[in-house]
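Hi everyone, thanks for making time for this. I'd like to walk you through one model this morning, so let me put it up on the screen.

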Amino acid sequence: MVERNGPDRDASAPTGSPHSPPPSFIEQANVTEPALHETFERNWPNCWTRAADLLSWDEEYETVLEDEDAPFYRWFADGRLNASYNCLDRHLESGRKNHAAIRWEGKRGERRTYTYRDLYVEVNEFAAALRDLGVEEDDVVTIYLPMIPELPIAMLACARIGAPHSVVFAGLSADALATRMDAAESEYLVTCDGYYRRGDAFNQKSKADNARIGLEQDVQTVVVDRLGDDLPHVLGENECDYHDLRETFAGETVEPVSRDAEDMLFLMYTSGTTGEPKGVVHSTGGYLAHVAWTSRAVLDVKPDDTYWCAADIGWITGHSYIVYGPLALGTTTVMYEGTPDYPDRDRLWEIVDRNAVDIFYTAPTAIRAFMKWGTDYPSRYDLSSLRLLGTVGEPISPRPWNWYREHIGGGDCPVVDTWWQTETGAVTISTLPGIDEMKPGSAGPPLPGIDVRVVDEAGEEVEPGQTGYLTIGRPWPGMARTLYDNDDRFVTEYWRRFSDPDAVNRQLTSPHSTESREDADDWRYFSGDTARVDEDGYITVLGRVDDVINVSGHRLGTMEIESAIADVDGVAETAVVGRSSGTGDTEIYAYVSTESGHDSDAVIQRSILDNIESAIGPIARPEAVIFTPELPKTRSGKIMRRLLEDVANGEELGDTSALRNPEIVGEIQAEIADEG
Ligand code: ATP
Ligand code: MG
């Protein structure tokens with residue numbers, strides 16, 4: 001382990017001491033060219049052919065980027081390909097048919113391994129079945145399944161016949177499913193009878209039934225029997241059984257449909273942390289190229305690896321880095337149905353050990369939980385197979401980052417902190433583990449070819465150390481193409497704020513007009529996040545734009561206050577929100593969960609207040625510190641600050657079905673009532 005902690009580093013910098021990737025890692029890494037960033041710069045946009053060349057094209061593309069209709073960019077637009085062919089057939093053709101594609105770990109300890117050949121067979125059978133049900137190219141198929149192998153199989157079957165899929169997270173409510181099916185006018189649904197939740201059978205089909213009642217369109221439904229006799233179900237009109245279909249179409253194959261690179265591969269809703277979920281549209285060619293490239297360059301995935309992204313496929317991370325990225329590269333991807341703490345808190349480490357997992361990718365929320373549970377659990381297992389660790393989804397502060405590297409990565413695994421969004425499709429900010437030094441608490445530099453700039457209100461780049469808005473100046477292959485059926489909202493939501501107003505106006509008043517356009521430089525994507533950049537160009541993502549509290553005229557970032565709290569020994573997680581006092585002022589409310597899980601702790605409370613005062617100042621001192629055993633989380637594991645703000649303000653709470661732990665909200669409300 002090489003630790004550099006030169007005297008020239010600002011001791012007050014919020015990032016931890018930097019780490020260089022160990023030589024043993026660099027020696028074997030996929031991507032190690034020291035000048036890769038410069039090479040991409042010099043050859044932009046042609047540099048992105050490196051990504052596209054990882055794919056097999058039915059028809060080679062001639063043009064890399066078309067930007068005439070910005071911000072509706074087109075990548076590799078005259079090329080043709082099929083995503084399912086790229087994830088399956090070509091690996092069979094290259095002699096890897098007996099290589100494991102998916103290792104599935106079920107909630108009840110069941111295990112299933114699919115070789116590339118097995119996966120190919122089942123995807124083909126289901127593709128034939130979907131066609132027989134009437135699914136045609138470009139029809140949107142909704143998939144409402146938990147983490148069972150039929151989920152990626154259904155996705156790939158859709159991709160094979162050119163039908164975009166829309167995966168709805170299995171834990172979402174009937175209403176949420178209905179809204180999404182309605183918006184996409186989707187007439188096909190793949191769901192299941194139910195699934196196990198902490199050992200109990202939980203009815204999924206009744207939610208699907210309820211969702212369909214309110215829909216105008218008739219829906220053809222395929223039901224996977226996950227629970228067998230544990231939850232008997234009957235099939236109604238327009239419903240058929242997945243396993244019956246497989247029997248009917250046993251051994252059938254379907255020619256992969258050649259798609260335009262710009263044809264929609266899927267539609268995916270954002271997790272809804274900041275507002276109503278948005279239906280993000282992803283392309284076939286650019287998306288697949290970008291996820292394959294980042295799987296290779298950032299996650300260092302190799303065909304012979306056992307790779308595990310412990311996210312849910314109902315979230316973009318699972319689409320890009322459980323299904324499409326790793327399968328495009330022909331590796332073994334682990335798919336886990338359960339939770340990290342069932343039947344015990346060592347479940348993940350047992351799976352890493354038994355499967356000799358090489359690469360492990362998870363979210364900060366999980367890492368903070370591991371830290372809270374203590375080192376006993378991982379130390380029972382041999383985790384030495386791990387070569388690289390990754391994190392995504394929220395900012396991660398140095399303490400959990402270092403804990404992860406130390407206790408899961410054995411002190412020498414590189415950790416990549418990857419910043420990206422549903423809308424970016426694939427990773428856009430991260431260190432390259434074979435090249436870049438890591439700084440805990442900072443995601444790292446933009447990836448080669450990605451033009452991230454942190455800017456002020458006027459769009460000017462801010463000085464190092466200053467906080468600004470995280471924007472992206474040039475297009476990138478994996479970027480969203482639009483919001484489903486809503487080009488206008490795509491422009492206003494992501495582009496209006498920092499792009500040239502004339503260019504925006506023209507696009508809004510005469511959409512897709514063929515008149516000559518202004519310079520492509522007129523366009524700048526706004527992520528909705530705030531960030532800070534350091535002298536080396538490393539970006540620390542601070543949080544959402546809305547996460548700013550105005551206390552007596554001072555604008556305080558909640559993330560800043562949260563970092564000061566998270567630094568206190570014994571604190572596991574925290575979220576800070578504003579509460580309007582009767583006098584029109586805003587007060588700071590801090591929610592805290594401790595490592596020991598105790599309700600409240602006077603020593604910790606004291607340290608929290610001291611730390612905030614010394615890190616930021618007395619102005620940031622919270623009005624209340626509320627201890628809670630857990631914080632409310634979305635299904636993708638993000639802290640639901642919006643809801644905590646409503647709770648602090650005593651406001652009515654909307655639909656909490658998107659929460660992973662809705663029961664905690666009542667406990668927090670009671671706690672606040674006690675305080676008051
Ligand atoms: P919505 O857009 O509907 O509010 P969402 O933004 O939570 O939902 P996602 O696209 O799943 O939906 O999440 C992307 C967001 O997650 C980013 O904008 C950023 O705020 C956060 N994020 C992701 N990775 C990181 C990271 N490595 N560091 C900091 N923040 C991250
Ligand atoms: Mg978002």
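Let's begin with the ligand: of the 23 residues around ligand 1, which come nearest? They are Thr 270, Thr 273, Thr 274, Asp 417 and Thr 422. Please keep in mind as we go that this is a predicted model.

Now for the polar contacts. Gln 421 brings a polar side-chain atom to 2.8 Å from an oxygen atom of ligand 1. On the backbone side, a polar atom of Glu 394 sits 3.3 Å from a nitrogen atom of the ligand. Pro 395 also takes part, with a backbone N or O atom 3.4 Å from a nitrogen atom of ligand 1. And how much of the ligand does the protein bury? Taken alone, ligand 1 exposes 640 Å², and 96% of that is buried by the protein.

Which elements give two or more residues to that shell? Those are β20, residues 415-418, and β25, residues 539-544. If you sort the shell by class, you get 10 polar residues, seven charged and six nonpolar.

Next, let me turn to strand β14, which covers residues 264-269. Is β14 mostly covered or mostly open? Mostly covered: six of its six residues are buried. Strand β7, residues 165-167, runs parallel to β14, and two bridges join them. There you can find His 165 opposite Phe 266 of β14. Strand β15, residues 279-283, runs antiparallel to β14, with five bridges between the two. In that pairing, Met 264 has Ser 283 in β15 as its bridge partner.

UniProt, in an unreviewed entry, places the feature "domain: AMP-binding enzyme C-terminal" at residues 560-638. In the model, that span is 27% helix and 29% strand, and its end C-alpha atoms lie 17 Å apart.

Last one, Ser 510. You'll find Ser 510 in the loop between α17, residues 501-509, and β24, residues 525-533.

Methods. Residues are numbered from 1 along each chain as its sequence is written. Chains are lettered from A and ligands numbered from 1 in the order in which they are written. This is a predicted model: local features need pLDDT of at least 70, side-chain atom pairs count only at pLDDT 80 or more; totals for chains, interfaces and linings use all residues. Side-chain values use heavy atoms; hydrogens and water are left out. A residue is near a molecule or strand if one of its heavy atoms lies within 4 Å of it. A polar contact is a pair of N or O atoms within 3.5 Å; within protein, one must be able to donate a hydrogen and the other to accept it, and residues adjacent in sequence count only if both atoms are side-chain atoms. Accessible areas come from the Shrake-Rupley method with a 1.4 Å probe; for residues, only the protein chains shown count as cover. Helices (H or I, at least four residues) and strands (E, at least two) are DSSP runs, numbered from the N terminus. Ala, Val, Leu, Ile, Met, Phe, Trp, Tyr, Cys and Pro count as nonpolar, Asp, Glu, Lys and Arg as charged, and the others, Gly among them, as polar. Buried means under 20% relative accessible area, exposed over 50%, partly exposed in between (1.4 Å probe, protein chains only). Two strands pair if DSSP finds at least two bridges between them. UniProt positions are given in the numbering used here, feature names are shortened, and annotations may be inferred rather than shown by experiment.
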